[in-house]
There are 2 protein chains.
Amino acid sequence: MKKMTPILNQVLDDIVPRESDRKKIETLSQELKKKLVIECEKAGIVATIGIEGSIAKDTWLLDDPDIDIFIRLPLTITRENFDEDILTIAKKATKGYRQVQRYAEHPYLEAFINDVRVNIVPCYQVDIGNWKSATDRTPYHSKYVRKHLNQGLKNQVRLLKKFFKGINVYGAEIKTGGFSGYLCELLILHYNSFIKTLEAFSNYKKPVIIDLKNFYKDKKVDSFLLFSDPLIVIDPVDKNRNVASALTSEKLYELVGAARAFLREPNKDFFFPKKIKIFSMDTLLSKFENRGSSILFIQLNNIRAVPDVLWGQLFKTQKSLIKLLKNNDFKILQNAIWTDEKSLTVFIIEVETHILPKIKQHFGPPLEFNEQSIAFLLKYVKNTSVVSGPFIQNNRWTILLNRIYQNAISLLEEKLLTDNKNIRFPKLISEAIKENFRILIDNEIATLYQNNSDFAAFITSFLIGKPS
Amino acid sequence: MKKMTPILNQVLDDIVPRESDRKKIETLSQELKKKLVIECEKAGIVATIGIEGSIAKDTWLLDDPDIDIFIRLPLTITRENFDEDILTIAKKATKGYRQVQRYAEHPYLEAFINDVRVNIVPCYQVDIGNWKSATDRTPYHSKYVRKHLNQGLKNQVRLLKKFFKGINVYGAEIKTGGFSGYLCELLILHYNSFIKTLEAFSNYKKPVIIDLKNFYKDKKVDSFLLFSDPLIVIDPVDKNRNVASALTSEKLYELVGAARAFLREPNKDFFFPKKIKIFSMDTLLSKFENRGSSILFIQLNNIRAVPDVLWGQLFKTQKSLIKLLKNNDFKILQNAIWTDEKSLTVFIIEVETHILPKIKQHFGPPLEFNEQSIAFLLKYVKNTSVVSGPFIQNNRWTILLNRIYQNAISLLEEKLLTDNKNIRFPKLISEAIKENFRILIDNEIATLYQNNSDFAAFITSFLIGKPS
């Protein structure tokens, strides 16, 4: 632990906002708030405007000062107005700046003011527990954290957030499936320090239940039954909600691995990962050449959807593709998805080989099952794809038969092109496939690699074997 | 069942000995018996000479009139004399005819007189239950069958034996692992007819227990515990012996399949299978070409042993070879052994492909196991065969690494040539390997095929997919 303290101090030096930074953000927030108050009044909407999120809780990172402004609306506002009027108001208040319309459970506006990202989000002003929309809890979250998180712990939250960002497990959106900022704060409230949090995760054993308000004091079992997730952090403002429900076990285990590695050998790189050095074209080609596997790239264009919807459909599609390949005996080694969330999406699936042997073994029923045996024999005795048999092996009817799909590319092409029962894709993906798709293998990806440095960085990291 | 009776009658016409056949065999048997009596007297051995086996029980097949002559010796004869003196006596009695020294539990003599095979076998004259050697039961078997098998049932035994021979499940020696003649007789005594026996086996469900003398009347469980074999036929002359103990489940299930097929569509071919038409060289080569698998032939020479010992060691070796290939990810489709029991033995193993992809996935421990995870990481982090990783997949540490053996032939050659812990061969095989071995693949077997018609017939049948 000798090296630990200086390292953490160095990191804090880089991430804790100074007085001048705070002032700048404070000014910007208050200005925006005023503008929103004015716009609401103009529109005749009675709302409470509040600064929420990491700015309100003083847990923001110097290089990432997101401003979250919540417009708390009375229940008299209908859900339609909630969705549309507020967007109009937000747009007016940030006029002249870059604006992106975003969508989580409902639409909200993202604006960029002097390089600072601002999220303007509507919610209902409700009593605790009477939630009407997904964002209604946020002001209560801010309140809870402000009340319990003392000055010393705020920087521990910052360390944890920065570490999680560095190892790429930060963010509860579907794309990442990681830890939200609020979850980081609750973890520090529970474990009391950055290091103790890492120590806890390095010894992770499923399931971990954190229940700060002791909702389930004498009945841990109930909360365990209620949430089957690998990490359960009961929301202090809503005992029925697991704050960590978006966390995938992949991200959890990546944290476990990283926590162990960091505790064994502390290093600033965990917080500030070195940018990956993209393989040169020569290196790329020789990597494909030497690797001996087959890497399949399924390229789609123009899938238009907000990120959470897009990523939801991408993950579903990935699952279907992998199932299809596995069912046809292809051995999956690694897989990943890369997308610019606009015009280019690439599913990357590495298989041992994309060309399987011509022949395979197919086991029928055990001979004890008379009727099934007869059915099997009737089915295969005159089947032209049968090369050998039916004979008896391991007490079962067995045949050798020619594979229908020897080549993964033919398999994918056929199944992507035809509507069929065996594989179904979500709507957006299905539409994109109909519009255009390409299947590339290994170095056929070279042009794409050359033209897109983000993609190139991703592929480089994929080939090294620590996909992010 | 319309076709059944005429078919069985036709078969019986061909297999039941006529009066003239009986007379011929009877004469031959008596002459031999006399000669043996004389030779025993000469040697000063007091023995009872008796005709046993199918001749004694009148269950022999016309085309297969084996004469079994047993020399029942007093217990005063030592085991050494039993083994050696009796062989000498048997040789003298069959002087001038072809003689083969055989070995089951102890040596015996096989002689061929006018194309009739004669087995001259020593045993001890003991009371029931006081067995001193494995053959001591035989005279009691003959006695039991003679007493219980009525005239009508004898031909049912003949049908069953002939059927078993036709489908290649007849013979209790290790090579076949099938049904002995005595077992056929007991089955008919239990089921009462050939057809009823087939019906019983076509509905086979493990385990079947046949206990003619009701040794285990009220305690079936005991006999089940005593014998874990799939077919249990309690020997009427020895309640501790399962007459079907040599039966392999392969042969049992081959019978189940054949019984069903025969009952569905009775046909003389089951009793008199058509001789396999050996593939021409052109056909053979095109079969290898089109099949798309890899068939490996491991050829050994000069293994000298009596058949039971030889086959025991061959089966053990086959198991080791298959385990070796499986452990290295080769997918076994079919396998077989062919041997002339003298100068040529060939292990035949068909794999999906004999060349595997260069790369494979290797899973380490789940991340929950901290210490094992550290050990895995330490082992592989700097291992040069690792192509990618360690990364986390399915909550486990995972790496992609280069296979040590991509080629089944290199694997086999290396493991056959070097003494090592991973694969051990029985003594005779180990010696034969040291002397000489070859590994051939697919059409490299052509010369052997051309020079040996037995081998060619076997390979033809293997390729068709009903290995015998």
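Predicted model: local features only at pLDDT ≥ 70, side-chain atom pairs only at ≥ 80, totals over all residues.
1. Interface. Of the interface residues of chain A, 100% are also interface residues in chain B, so the two copies meet through the same surface.

2. Sheet order. Chain A contains an open sheet of four strands in the order 10-11-9-15, and the pairing is antiparallel. Strand 10 (332-339) and strand 15 (437-441) of chain A are the edge strands, each pairing on one side only. From one strand to the next, the twist averages 15°.

3. Helix on the sheet. Helix 12 (residues 307-327) of chain A packs on this sheet and touches strand 9, strand 10 and strand 11 (344-351) of chain A. The direction of helix 12 makes about 155° with that of strand 10 of chain A.

4. How many bridges join strand 9 to strand 15 in chain A? There are five, and the two strands run antiparallel, with strand 9 covering residues 294-301. As for individual residues, Phe297(A) has Leu440(A) as its bridge partner in strand 15 of chain A.

5. Cavity count and volume. The structure holds one cavity of 30 Å³ or more. The space in the largest cavity comes to about 40 Å³.

6. Cavity lining. Which residues line the largest cavity? From chain A they are Ser373(A), Ile374(A), Leu377(A) and Trp397(A); from chain B they are Gly257(B), Arg260(B), Ala261(B) and Arg264(B). The lining therefore draws on both chains, given that a lining residue has an atom within 4 Å of a cavity point.

7. Helix 13 (370-380) of chain A and helix 10 (249-264) of chain B each supply at least two residues of the lining. Helix 10 of chain B gives the largest share, four residues. By class, the lining residues divide into four nonpolar, two polar and two charged. Arg260(B) and Arg264(B) are among the lining residues, and Arg counts as charged.

Definitions and conventions
Residues numbered from 1 in each chain as written. Chains lettered and ligands numbered in written order. Heavy atoms only, no water. Contact = heavy atoms within 4.5 Å. Pairing = 2+ DSSP bridges. Axes fitted to C-alpha atoms, helices over the stretch in contact; angles between N-to-C directions. 1 Å grid on protein atoms, 1.4 Å probe; cavity = no way out; pocket = protein on both sides within 12 Å on 5 of 7 lines; lining within 4 Å. Points joined across faces, edges and corners; volume = space filled by probe spheres on them.
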